[in-house]
Amino acid sequence: APTERTLVLVKPDGVRRGLSGEILRRVEAKGYTLVAVELRTAGDDVLAAHYAEHEGKPFYAPLVDFMKSGAVLAVVAEGHRVIEGFRSLAGTTDPTTAAPGTIRGDLGRDWGLKVQQNLVHGSDSAESAAREIALWFPAL
Ligand code: DAT
Ligand code: MG
């Protein structure tokens, strides 16, 4: 089967809390390969494109502000069914109810803010992964 790729972001809360290594450890421990890893500060252009599906939602502006609040670790991970597999490792969106054993369930915190600071992003489909990888890593 052709190998699949996904875009993972360690969000600014994860980088700030020193969890980048722990998150990458879980990705690698699952057997996925790291294809690209880059620490960077995201600008409005990249974030507007990345979160285009959420434009107009009440959490959109706080989400973009949060994503600009510090460095983001952008990662391309590769492996069989890695798109689904990383979503499973990450857990559901809300860290309070995300299952224990997942990144968000074990490590995420709900601060009662306007946006969920849930440590990671993972592409949600093959189409999203292709679009997001091209956006964050145009050279790949
Ligand atoms: P996911 O990151 O699980 O794919 P999403 O794509 O629906 O979730 O939303 C993108 C991000 O926006 C999410 O990680 C956190 C924030 N968010 C989503 N829904 C929210 C809500 N109802 N209230 C606050 N923040 C939310
Ligand atoms: Mg999403």
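**Core, ligand shell and annotated residues in a predicted model**

The largest nonpolar core comprises 28 residues, and V8, L9, A77, F86 and V120 have the most contacts inside it. By nonpolar core I mean a set of buried Ala, Val, Leu, Ile, Met, Phe, Trp, Tyr and Cys residues joined through C-beta atoms within 7 Å. Two or more residues of this core come from each of several elements, including strand 1 (4–10), helix 2 (20–29), strand 3 (72–79) and helix 7 (126–136). Strand 3 gives the largest share, 6 residues. Helices (H or I, at least four residues) and strands (E, at least two) are DSSP runs, numbered from the N terminus. In soluble globular proteins, nonpolar side chains tend to be buried together.

The model is predicted: local features need pLDDT of at least 70, side-chain atom pairs count only at pLDDT 80 or more, and totals for chains, interfaces and linings use all residues. Residues are numbered from 1 along each chain as its sequence is written, while chains are lettered from A and ligands numbered from 1 in the order in which they are written.

I turn to the ligand. Around ligand 1 stand H54, F59, L63, T93, V115, Q116, N118, H121 and D124, each with its C-beta atom, placed from the backbone, within 6 Å of the ligand. This shell has 3 nonpolar, 5 polar and 1 charged residues; Asp, Glu, Lys and Arg count as charged, Ala, Val, Leu, Ile, Met, Phe, Trp, Tyr, Cys and Pro as nonpolar, and the others, Gly among them, as polar.

Which residue does UniProt list for "active site"? The unreviewed entry gives H121, although such annotations may be inferred rather than shown by experiment. H121 lies in strand 4 (residues 120–122) and counts as buried because it has 22 C-beta neighbours inside 10 Å. The cut-offs are 20 or more other C-beta atoms within 10 Å for buried, 12 or fewer for exposed, and partly exposed in between. Leaving aside neighbours within four places in sequence, H121 is in contact (C-beta atoms, placed from the backbone, within 7 Å) with V8, L9 and K11.

The "binding site" annotation, also from the unreviewed UniProt entry, covers K11, F59, R87, T93, R104 and N118. Is K11 buried or exposed? K11 is buried, since 24 C-beta neighbours lie inside 10 Å. F59, in the loop between helix 3 (44–50) and helix 4, is partly exposed, with 14 other C-beta atoms within 10 Å.

Definitions and conventions
Contact = placed C-beta atoms within 7 Å.
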